[in-house]
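Subject: Handover of a structure and summary of findings

Dear colleague,

Please find below the structure that I am handing over to you.

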Amino acid sequence: MGRRRQSGSCGGESLEGGTSARRHPTTRIYITIQEQLPEIVIALNYSAEKKITMSSSRLGLRLAACLLNISEARRKYIVENVAKAALLERNGDSVLAACLEAFRSIDMEVQDGIHPCLGAVDLIPFYPLCGVGVEECGAVARSLAENLLLRVPGCSVFLFGEADLPEKRPLVQRRKQLGWFTRRDFSALEPDLGVAPARKCGLTGIGASPYVMNCNVTIDSQDLDLGKEIASAIRGSNVNGLKGVQTMAFPHQGKIEIACNVESFEDPEVIETAEGSQYMAYSVLGDQFYYVPPHYIEAQVKKLASDRGVGTIGRALIGFTPQECKNCAEYAIKEGIGEFWKIRGGVFM
């Protein structure tokens, strides 16, 4: 693909003694891929739920993000080794390199934690950011799935979104079908690709969709049932819920956290709104996408909690909004910074 240079940035919560490490057995990694033929530029951004990102707004660039979810958040050296594998890859496939390192380092037979997961590399979604469509991201996802099956003995895969042809079933539907939300039973899993899941590797989800971000709001209560009630009230699939928002409730530092996956969506009836309103907008290849911003989610959770006599403690955006994803990686690429999390003095949210 011609000359390559690589760079990186970092965001998230501390892995050493951090609350995210105790609550989650998983780490999320954004890997965004930036292409300007004949050059490929890759930048990393890693967080306590590990994220690697790449971005730039320069004319002619084609940019996509991959949010790599690995089932490890306690051992910092493993998380950093996975990030570095992507950063140091010289053959143009940083996502594959990061996955291979994760599969070498993580054993699902001994993995433990309350966050649902099915695989050592649990999820690999691709999101279009600039100059590339979701269909092409789907093709990249399918190619990655085939390469993993060739390179990782015991690897098995389920597909979702634009990689799941012809049905294009969304991730939440696939997870429900596979029992992701109720923890794993490997003997009952049926992959789309590969053999029956090996206990060490588990089952990996690979697909493509418009951008998805993660936003968590903590309520000042230890009542998990109350947290589930609030999570259900804002869930997009329910009446009067927030469009594109998927929710779960978890114990977190003696309190309850409402964890939200926030999907981007296309809707001709939605009008781009101001910062304080319900929807934010961005465009890719001329298509307009919308999402519910974190501050609005927090406001809705605060209202629902207050109605039940409970306060909120705070909000955490795990990673970036679509615009922030581009901006952070653009800076790392422009400055030629590799291990950008070290420059920023640690991992943060």
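Predicted model: local features only at pLDDT ≥ 70, side-chain atom pairs only at ≥ 80, totals over all residues.

Two strands count as paired if DSSP finds at least two bridges between them.

Strand E8 covers residues 203–208 and is joined by six bridges to strand E6, the two running parallel. Within this pairing, Phe160 stands opposite Gly207 of E8, while the bridge partner of Phe158 in E8 is Gly205. Four bridges also connect E8 with strand E5, residues 121–130, and these two strands again run parallel. Here Pro125 is the residue opposite Gly207.

Which residues cover the two faces of E8? Leu203, Gly205 and Gly207 lie on one side and Thr204, Ile206 and Ala208 on the other, and all of them are buried. In a regular strand the side chains alternate between the two faces of the sheet.

Helix H2 is made up of 13 residues, 76–88, and reaches 18 Å from its first C-alpha to its last, close to the 18 Å expected at 1.5 Å a residue. Its buried residues include Ile78, Val79, Glu80 and Val82, and Ala83, Ala86 and Leu87 are buried as well.

Val212 belongs to strand E9, residues 212–219. With a relative accessible area of 12%, Val212 is buried.

**Cysteines**

How many disulfides does the structure contain? The count comes to zero. Cys66 is in no disulfide, and the nearest cysteine sulfur, that of Cys99, is 6.8 Å away. Cys66 is buried, at 0% relative accessibility. For Cys155, the closest cysteine sulfur is in Cys201 at 6.2 Å, which is too far for a bond, because a disulfide requires sulfur atoms within 2.5 Å. Cys155 is also buried, with a relative accessible area of 4%.

**Aromatic pairs**

The structure holds six aromatic pairs. One of them is formed by Tyr127 and Tyr211, which are tilted, with 5.3 Å from centre to centre and 50° between the planes. This pair links distant parts of the chain: Tyr127 is in strand E5 and Tyr211 in the loop between E8 and E9, 84 residues apart. Tyr127 is buried at a relative accessible area of 3%, and Tyr211 is buried at 1%.

Phe158 and Phe160 form a pair whose ring centres are 6.4 Å apart and whose planes meet at 45°, so the pair is tilted. Both Phe158 and Phe160 are buried.

Elsewhere, ring pairs link Phe265, Tyr279 and Tyr290 into a cluster. Phe265 has a charged neighbour too: the charged end of Lys243 sits over its ring, 5.0 Å from the centre.

**Salt bridges**

A search of the whole structure finds 11 salt bridges. Among them is the bridge between Arg308 and Glu229, whose closest N and O atoms are 2.9 Å apart. Arg308 lies in the loop between helix H7 (294–307) and strand E14 (312–318), whereas Glu229 lies in helix H6 (residues 224–234), so the pair ties together parts that are 79 residues apart in sequence. Arg308 is partly exposed, with a relative accessible area of 32%, and Glu229 is partly exposed at 41% relative accessibility.

Salt bridges that share partners also join Asp164, Glu167 and Arg169 into one network. Arg169 bridges to Asp164, with the closest N and O atoms 2.8 Å apart, and to Glu167, where the corresponding distance is 3.8 Å. Glu167 is exposed, with a relative accessible area of 53%.

With kind regards

Terms used:
Residues numbered from 1 in each chain as written. Heavy atoms only, no water. Expected span 1.5 Å × (residues − 1). Buried < 20%, exposed > 50% of the residue type's maximum accessible area, 1.4 Å probe, protein only. Phe/Tyr/Trp six-rings, centres within 6.5 Å; stacked < 30°, edge-to-face > 60°. Lys NZ or Arg CZ within 6 Å of the ring centre and 35° of its normal. Salt bridge = Lys/Arg side-chain N within 4 Å of Asp/Glu carboxyl O.
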